[in-house]
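This report goes through one structure, part by part. Please look at the sequence and the structure before reading on.

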Amino acid sequence: MSDEQKWSDISKDMANVAKKIKSNIDEEDLVEDLKDTFKNTIENTSQLINNIIKTVETSVTDEEIKKETKEIVNNINSELKNLQCINLEQCMKIRMNLEMIYQN
């Protein structure tokens, strides 16, 4: 193999590595964007849940029902705040699930 061919092969290998790095960076950016969107969705949902609690407090007169409802809603709120997405696939699944919830 000639020196010229060796340099050509090295150049191709470097181009392939550069493409893989760019692809990895793009995927990491996408994951970060999804994480930010997910965090905002969780915060907005938490705010909605807090509004539900306030509505229950002012509308429901039965104290036992009020207490149980607030407890359930608070548990849901806590679970939402603890959610995290770890990778792109998991973020996409969580996002799709949340979109289905909001559509219903």
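Which residue's side chain meets that of Glu57 in a salt bridge? The partner is Lys70, with 3.0 Å from N to O.

## Basis of the report

This is a predicted model, in which local features need pLDDT of at least 70 and side-chain atom pairs count only at pLDDT 80 or more, while totals for chains, interfaces and linings use all residues. Residues are numbered from 1 along each chain as its sequence is written, and side-chain values use heavy atoms, with hydrogens and water left out.

## Overall make-up

The protein chain contains three helices and zero strands. Read from the N terminus, its elements follow the order α-α-α. Helices (H or I, at least four residues) and strands (E, at least two) are DSSP runs, numbered from the N terminus.

Of the 104 residues in the protein chain, 17% are buried. Buried means under 20% relative accessible area, exposed means over 50%, and partly exposed lies in between, with a 1.4 Å probe and protein chains only.

## Salt bridges

Two salt bridges turn up in a search of the whole structure. The term stands for a side-chain nitrogen of Lys or Arg within 4 Å of a carboxyl oxygen of Asp or Glu. One of them is the pair Glu57 and Lys70. Glu57 lies in helix 1 (residues 3-59) and Lys70 in helix 2 (residues 63-82), so this pair ties together parts that are 13 residues apart in sequence. Glu57 is partly exposed, at 37% relative accessibility, and Lys70 is partly exposed too, at 25%.

Lys66 and Glu63 also meet through their side chains in a salt bridge, at 3.5 Å from N to O. These two residues are three apart in helix 2, and about one helical turn separates them. Is Lys66 buried or exposed? Lys66 is buried, with a relative accessible area of 15%, whereas Glu63 counts as exposed at 54%. The C-alpha atom of Lys66 is separated by 6.4 Å from that of Val56, a residue 10 positions away along the chain.

## Nonpolar core

Which residues form the largest nonpolar core? The seven residues are Phe38, Ile42, Ile49, Ile53, Val73, Leu80 and Ile94. Helix 1 and helix 2 each supply at least two residues of this core, and helix 1 gives the largest share, four residues. A nonpolar core is a set of buried Ala, Val, Leu, Ile, Met, Phe, Trp, Tyr and Cys residues joined through side-chain atoms within 4.5 Å.

## Surface patches

Patches are made of residues with over 30% relative accessible area and no salt bridge; like charges are joined within 9 Å, and nonpolar side chains (Val, Leu, Ile, Met, Phe, Trp, Tyr) within 5 Å. Accessible areas come from the Shrake-Rupley method with a 1.4 Å probe, and for residues only the protein chains shown count as cover.

Glu27, Glu28, Asp29, Asp33 and Asp36 form a negative surface patch. Asp and Glu count as negative, Lys and Arg as positive, and His and the chain ends are not counted. A charge is placed at NZ of Lys, CZ of Arg, CG of Asp or CD of Glu. Asp36 belongs to helix 1 and is partly exposed, at 45% relative accessible area. Trp7, Ile10 and Met14 make a nonpolar surface patch of about 370 Å².
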